[in-house]
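Please find below a short note for a reader who is new to protein structures.

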Amino acid sequence: MDLKERLEQTTRERFGLAPDRCDDRQLYEALLIVTRRAAEERPAPAGERKLYYFSAEFLMGKLLDNNLLALGLRDQAQELLASWGRDLNAVEEQEPEPSLGNGGLGRLAACFLDSIAALGLPGDGVGLCYHYGLFRQKFVDNRQAEFPDPWIGEESWLIPTETVFPVSCGGFDLKAKLWDVAIPGAHSGVANRLHLFDVEEPAPPPEQGIVFDKTDIVHHLTSFLYPDDGDEAGRLLRVYQQYFMVSAGAQLILQELKERGYSPAELADHTVIQINDTHPSMVIPELIRLLTAQGLTMDEAIEQVSRTCAYTNHTILAEALEKWPMAFIEKVAPQLVPIIRELDRRAREVCPDPALAILDEKGLVHMAHMDIHYGFSVNGVAALHTEILKKSELKGFYGLYPDRFNNKTNGVTLRRWLEACNPALTRLIDECIGGGWRQDPGRLVGLMDFMDNDRVLSHLLTVKQSARERFCRTLREAQGIELDPNSIFDVQIKRLHEYKRQQMNALYVIQKYLEIREGRLPEHSVTVLFGAKAAPAYVMARHIIHLILCLQRLIENDPVVRPWLRVVMLENYNVTWAEQLIPAADISEQISLASKEASGTGNMKLMANGAVTLGTLDGANVEIAELVGPGNIYTFGAHSDRVLRLYDDRGGARYRSLDYYHTPRVERLVDFLLSPELLELGDARALAELWRDMKGKDWFMALLDVEEYISVKDLAVRQYGDRKSWARKMLVNIAKSGYFSSDRTIRQYNQDIWHL
Ligand code: 26V
């Protein structure tokens, strides 16, 4: 394809200008149009079986750079723009980031689509076309405020289609209109699709923040991802969203099955559905319903669907395991009620234990239970997580169906999370080991041969230094904050949740603040960077953001502490921020309470960019620790088996936060929340509520681990001073990150589950 010709033609047609006369906005639009068409024109991968990856979230990030790279056009585009005196990066900044996801689960889905296409496998995504995303985060008075985050302009990555499916919701009918995003595979010459369903007449953005009429299903169904479920209308809206997504998706599957020349009775031979957490679980009864409507018996339909569906679990947090009242389903999709009752009846025949039933005595439908009884595969997302599922959370199911359980340790696409976001490091890697790691990321271990190469080690430090400097420039422009690029960049970027323990990191900040005020200076200046959104209804998470912002302000105003310690919370943390910050990170904070973080994927991205992990033995951190060895990671904290015992009511060993609060050092840190200097900046009620919770409840045991956390972090800061030895740690981390390529993960899914 002649990129130059196509761009010239596009800018002339749309703006009546030659490309070199266009502004960045116009150039972006022209590149978008040309790239979108090039992706769209690619053939779909061939195959007898096709995967549909169902997910409520696809956190795609900006797509221009990624797609240029996948289409093999990136260098050409860069040169072309340069010849017009323009900068591709500046043009790429024009792209709005779609916020169609919340965190790791949604970003994993995006990495998977990238790898599926790169491996040339036939697999499409199925989700919803949210217009205003999760929300755009702003900080007002040291608090999070939420606003709509629109991303669909006149031109976007969405490709319109003619496809519309009817979706019948108790009492009224909806139409699901299909939009596609083309997903070109790197080096594979093919493209898959992300299918996003939308309502016919989507509502304009709400006038006040993210508050809208949650009963106006017809217009608002696709407004926001995870609308506030604080009231019944909100919870019902989530069920409407889920049913709308799976009903349209199931119809699409059956339509394509027919087009491919197969009968409904052959569904399982030619289709596999991966259910990403429980949000899409209603696809099981919906497909059964549609198959029986096409003439299959109930037995046949259940058999086909059970051989088609596979379920991935992404969390053991009880509050995140979905259970919907049957009364909600009666209201949203009454046609599913008899089917779910029948599925429950049959499951009870196989296993009479009420704990494993689909429908419980309170009338709640346990979505995960339905997935496990009527799917052929159940997987966790890291080795430890899968073991915990088998041994504790899903123990009964594991006893019943041991062969269904399998582990698929998460991965990330190194095309976005190394090649695209860190060109300087990529060049250094290429110089050392050549480019073969792109095809086979395992070859990154070749970097181990350079452990004693002083030139490479010092080059690595320079690359990191430049990345920190670059990040400082970006932050200055975005938030007007000036940072010291020679400081240690200590980075915690993830959803805000008590189990992830951002509050424990805040206690570290308090400890350092107090020490510096007392004249005890650290060995090196530290900059603690946070990026996180809190679910709007999650009060404690909002309080933690408030605490961090107050600490940020406190230190900002303190000329004594400022040179040694800084705290920054990035506003509206998203994929784009992550791409800028990860290359600059020195320490990767992965400090969840052991057993609670199913895997983590930020840990993998940070490692691949030469950050050293400071973490608990949780999720994929366990596998990182095994790969890099004890000298190249800082671990601390209670182990998962102990934590699980501390939650156990029997034996009197239950965790009591007060026991840990009443030690001199810890008490002082927690009580700082109520100190005059903090109360002067913050909201007394919020700080007091957080203080009371930390002291008297501390459900995720920050006080259990905080002392060891602080001393291990001190050790890391000290050892950072030995630059050569730190550079070695960085190199080992990069070298061992190949295992965490999502290409590896997808090969395993394909080998063990999908058989495409
Ligand atoms: C979601 C929500 C959303 C509303 C607020 C409360 C809440 C609590 C938990 C969740 C978890 C949803 C599932 C999820 O995102 N799991 C993440 O999946 C990643 C990909 O497998 C994994 O790396 C993370 O460890 C896991 O937390």
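1. A608 belongs to helix α23, which spans residues 602–608. Helices (H or I, at least four residues) and strands (E, at least two) are DSSP runs, numbered from the N terminus. The model is predicted: local features need pLDDT of at least 70, side-chain atom pairs count only at pLDDT 80 or more, and totals for chains, interfaces and linings use all residues. Residues are numbered from 1 along each chain as its sequence is written, and side-chain values use heavy atoms, with hydrogens and water left out.

2. Is A608 buried or exposed? A608 is buried, because its relative accessible area is 0%; buried means under 20%, exposed over 50%, and partly exposed in between (1.4 Å probe, protein chains only). Apart from neighbours within four places in sequence, A608 is in contact with L414, L418, L425, I734 and S737, where contact means heavy atoms within 4.5 Å. By contrast, the C-alpha atoms of A608 and R665 are 35 Å apart, with 57 residues of separation along the chain.

3. Which residues come nearest to the ligand? They are H314, N410, E597, S599 and G600, out of 17 residues around the ligand; a residue is near if one of its heavy atoms lies within 4 Å. By class, this shell holds 7 nonpolar, 8 polar and 2 charged residues. Here Ala, Val, Leu, Ile, Met, Phe, Trp, Tyr, Cys and Pro count as nonpolar, Asp, Glu, Lys and Arg as charged, and the others, Gly among them, as polar.

4. Polar contacts (pairs of N or O atoms within 3.5 Å) also deserve attention. An N or O atom in the side chain of H314 lies 2.6 Å from an oxygen atom of the ligand. For a polar backbone atom of G600, the distance to a ligand oxygen atom is 2.8 Å. The protein buries 87% of the 590 Å² that the ligand exposes when taken alone, areas being computed by the Shrake-Rupley method with a 1.4 Å probe.

5. Strands β3 (residues 136–140) and β4 (residues 143–147) run antiparallel and are joined by 5 bridges; two strands pair if DSSP finds at least two bridges between them. Q137 stands opposite E146 in β4. The two strands form a hairpin with 2 residues between them, and D141 in the turn has a positive phi of about 55 degrees.

6. H187 is not a glycine, yet has a positive phi of about 65 degrees. H187 sits in the loop between β6 (172–184) and β7 (191–198), and counts as exposed because its relative accessibility is 61%.

Conventions:
Polar contact = N/O pair within 3.5 Å; in protein donor to acceptor, adjacent residues only side chain to side chain.
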